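Here is a short report for a first look at this structure. Start with the view below, then read on.

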Amino acid sequence: MSIAIIDYGSGNLRSAAKALEVANKNINTNSKIVITSDPTVIKKSNKIILPGQGSFRDCYLGIKKINGLIDTLNDFVLVQKKPIFGICVGMQLFAKIGYESEETKGFGWIDGIVKKINNINKTLKLPHMGWNQIELKKDFLLFSGIENKSHMYFVHSYEFSTKKKDCIVATTNYGNSIIVAIAKDNIFGTQFHPEKSQKNGLKLLENFLKWEV
Amino acid sequence: MLKNRIIPCLDVKNGRVVKGINFVDLVDAGNPVEQAKIYDEQGADEICFLDITASNENRNIILDTVIKTAEKCFIPLTVGGGVRSLEDIRNLLLAGADKVSINTAAVSNKNLVKESSEKFGSQCIVVAVDAKKISDNKWEIFTHGGKKPTGIDALKFVEKMESLGAGEILLTSMDRDGTKKGYDLDLTKKVSNLVNIPVIASGGVGNLEHLHQGIKIGKASAVLAASIFHFGEYSILEAKQYLDSKGIPVRI
């Protein structure tokens, strides 16, 4: 099996690749992990990881800049229906619209928007940075072996918002309840960084490697 | 609930761990990759490397240390020391750092904080502030490893850094660093109340109660310490258990 980590000039992809390699070893599989922006390589992959750091707008524009990448990802996710795991802004890009810096179109794979975390009276520090506990909202295969209220590592100032309650897999509390894991068919994403969430994060990546849609 | 973080810091020179007392008289003690792995296993919430390598030709050694650490530790890694340009930041991020801390260059080149936070995102730009008390309610910024006074007011500076896009402030009291007398709580509290981004308290930890005070009184989001962990006086787990017993939310 081959896993493509999508490289569009955003942040630290080595950490995600290294964490996947360890997850791979932990479950004794021999998946090939590649960091790539090449549509032909992505098309041939079985699963993809869409990372994302920085702003929603910069990330989407970064993807758009690479010839054929948007069409390839849309085809992979919507037509081929192969598994995708979006991390942080990578997950946020699943939304229809992001409101960071200025209104920007996202992939629209999950009906939702991305807006600034509600910081009433400026009582919260932003970014929401550090370890917070997740609240599992339903049984979901990718969280098997991960206990409810496990700690995960977060760093973000914007949140995913959707009325599609059935897509919400986990939330956390930061001032308000924030959606931190979403899923729809072959599409999965987390607001937290599994590659930085120690054992719980590695477990999630192991489950993604094993995931059959 | 978001937990307060405990961050062990390793001062690294030419690829080896050292810890200074008031930034001089360095004592060599260990391999940074191995130390980081131990901290990870003990439950550190993040790891911080401060590169104090003096000569330019040896600066790339830190990249190798970061690469090796990122292969073994799956918790956030902050790296600082001698970061002067967008290129330096990019190289550290590509090597596997999650955040880069900027100290002297944040003072000498304010565009760096603005440009780097726009380019790489605020989440990975930490501004490291070394401050020294000059009178009641007044602290001055020092640069170049705490050697050079700048005449800049620390409180005004942190506000400016926030507005330029810094994602976090790493606040070190020059008066307390290496003394084991505890954080400058007055300074920490003032800065924490002033900015809306997380503040890491640093400089002066001698016992676990100091960590507690940094969070409880200083209102810091995270507490950084070096020698109390590095020389085995306390483990990260002991520190967390202590904070937990005092009602501070920590990840155990």
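## A buried lysine

A:Lys196 sits in the loop between strand 14 (187–190) and helix 6 of chain A. The model is a predicted one. Is A:Lys196 buried or exposed? Its relative accessibility is 2%, so A:Lys196 counts as buried, since buried means under 20%.

The side chain of A:Lys196 makes a polar contact of 2.8 Å with the side chain of B:Asp98. Another polar contact, of 3.4 Å, joins the side chains of A:Lys196 and A:Ser15.

## Helix 6 of chain A

Helix 6 of chain A covers residues 198–210, which is 13 residues. From first C-alpha to last it reaches 19 Å. That is close to the 18 Å expected at 1.5 Å a residue.

Which residues of helix 6 are buried? They are A:Gln198, A:Gly201, A:Leu202, A:Leu204, A:Leu205, A:Glu206, A:Asn207, A:Phe208 and A:Leu209.

## A salt bridge between chains

Over all chains, the salt bridges number 23. One of them pairs A:Arg14 with B:Glu71, with the closest N and O atoms 3.2 Å apart. A:Arg14 lies in helix 1 (residues 13–26) of chain A and B:Glu71 in helix 2 (residues 61–72) of chain B, so this pair joins two chains.

A:Arg14 is partly exposed, at 23% relative accessible area. B:Glu71 is partly exposed too, at 34% relative accessibility. Both belong to a network of salt bridges that also takes in A:Lys18 and A:Glu21.

## Salt bridges within a chain

In chain A, the side chains of A:Lys115 and A:Glu159 form a salt bridge of 3.3 Å, N to O. A:Lys115 is in strand 7 (residues 113–116) and A:Glu159 in strand 11 (residues 158–161), 44 residues apart. The pair thus links distant parts of the chain. A:Lys115 counts as partly exposed, at 30% relative accessibility. A:Glu159 counts as buried, at 7%.

In chain B, B:Arg251 and B:Asp45 meet through their side chains in a salt bridge of 2.9 Å, N to O. B:Arg251 lies in the segment after helix 10 (236–245), and B:Asp45 in the loop between helix 1 (32–42) and strand 4 (47–51), so the pair ties together parts that are 206 residues apart in sequence. B:Arg251 and B:Asp45 are both buried.

Methods. Residues numbered from 1 in each chain as written. Chains lettered and ligands numbered in written order. Predicted model: local features only at pLDDT ≥ 70, side-chain atom pairs only at ≥ 80, totals over all residues. Heavy atoms only, no water. Helix = DSSP H or I, 4+ residues; strand = E, 2+ residues; numbered from the N terminus. Expected span 1.5 Å × (residues − 1). Buried < 20%, exposed > 50% of the residue type's maximum accessible area, 1.4 Å probe, protein only. Salt bridge = Lys/Arg side-chain N within 4 Å of Asp/Glu carboxyl O. Polar contact = N/O pair within 3.5 Å; in protein donor to acceptor, adjacent residues only side chain to side chain.
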